[in-house]
Amino acid sequence: MLTQFSRTQLLLGEESMNSLKNARVAVFGVGGVGGYVCEALVRSGVGAFDLIDDDKVCLTNLNRQIIATRKTVGKYKAEVMRDRMLEINPDVDVRIHKCFFLPENADEFPFSEYDYVVDAVDTVTAKIELVMKCQKEGIPIISSMGAGNKLEASAFKVADIYKTRMCPLARVMRAELKKRGVKKLKVVYSEEKPTRPIEDMSISCRTHCICPPGAKHKCTERRDIPGSVAFVPSVAGLIIAGEVVKDLTGKKGLV
């Protein structure tokens with residue numbers, strides 16, 4: 001009998017599809033990268049998700065985030081992504097956490113229930129804590145390195161953190177993980193040298209802020225706002241989703 005996943009099953013097989021259906025993936029960060037991870041994974045047949053993001057859709061997200069439309073500006077990203085995923089697969093189980101992941105609240109998340117963790121957050125502190133929690137619980141994790149200030153979508157690589165080059169965020173992560181005795185971490189990173197933004201957008205944001213009223217975190221909180229385009233973070237997200245599917249199904253030949 002044909003289902004919405006029949007074309008995928010032609011390549012992966014019934015056993016792999018069952019593995020995806022029975023898996024719970026936690027996606028930390030539902031922005032330019034994380035949104036495309038969710039999109040690809042729900043379309044691939046993953047049956048359960050935890051989405052963690054405290055942010056709301058901003059007008060400046062429309063250039064790259066799959067959940068960002070004029071109708072969703074001002075709405076919580078986690079809620080918008082959940083609703084989109086349910087429209088794709090009404091049977092998917094999606095739990096949302098409208099909060100920012102920090103070391104202080106890390107114990108509030110049910111890591112023991114996760115089969116895979118996707119790190120698509122921006123801050124080093126949160127990234128390090130995610131890695132340490134997953135290492136403690138024995139949960140596979142893949143981490144997104146910097147996708148901002150990049151223009152070359154073909155420059156992304158999948159590698160261990162200690163084999164990365166050029167990416168400033170990966171350099172910081174390598175140093176911090178080494179201090180903590182972490183031996184390996186699968187990451188998606190770009191070997192493209194970051195492009196310097198033409199202007200400092202945060203200056204404009206301070207006087208012409210378009211963040212939704214009541215937003216907990218605004219652009220002006222950041223010293224530097226990275227530039228971004230539609231075709232770079234999306235590629236990073238799709239690569240990550242492919243790695244998650246490969247690891248959950250054992251299909252090592254997947255690209």
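Reply: What follows describes the core and then some parts around it.

This is a predicted model, in which local features need pLDDT of at least 70 and side-chain atom pairs count only at pLDDT 80 or more, while totals for chains, interfaces and linings use all residues. Residues are numbered from 1 along each chain as its sequence is written, and side-chain values use heavy atoms, with hydrogens and water left out.

A nonpolar core here is a set of buried Ala, Val, Leu, Ile, Met, Phe, Trp, Tyr and Cys residues joined through side-chain atoms within 4.5 Å. Buried means under 20% relative accessible area, exposed over 50%, and partly exposed in between, with a 1.4 Å probe and protein chains only. In soluble globular proteins, nonpolar side chains tend to be buried together.

The largest nonpolar core has 43 residues, and the members that touch the most others are Val25, Leu41, Phe49, Leu51, Met85 and Val244. Two or more residues of this core come from each of helix 2 (14–21), strand 1 (24–28), helix 3 (34–44), strand 2 (48–52), helix 4 (77–88), strand 4 (116–119) and helix 8 (233–249). Helices (H or I, at least four residues) and strands (E, at least two) are DSSP runs, numbered from the N terminus.

Val244 has contacts (heavy atoms within 4.5 Å) with Val25, Leu41, Tyr116, Val118 and Ile142, leaving aside neighbours within four places in sequence.

Helix 3 is mostly covered, with 10 of its 11 residues buried. Among the buried residues of helix 3 are Tyr36, Val37, Glu39, Leu41 and Val42. Cys38 also counts as buried, because its relative accessibility is 0%. Just after helix 3, Gly45 takes a positive phi of about 105°.

Cys58 is buried too, at 6% relative accessibility. The structure holds 0 disulfides, a disulfide being a pair of cysteine sulfur atoms within 2.5 Å.

Lys127 belongs to helix 5 (residues 124–137). Lys127 counts as buried because its relative accessible area is 0%. Not counting residues up to four places away in sequence, Lys127 touches Asp119, Val121, Ser143, Ser144, Met145, Leu169 and Met173.
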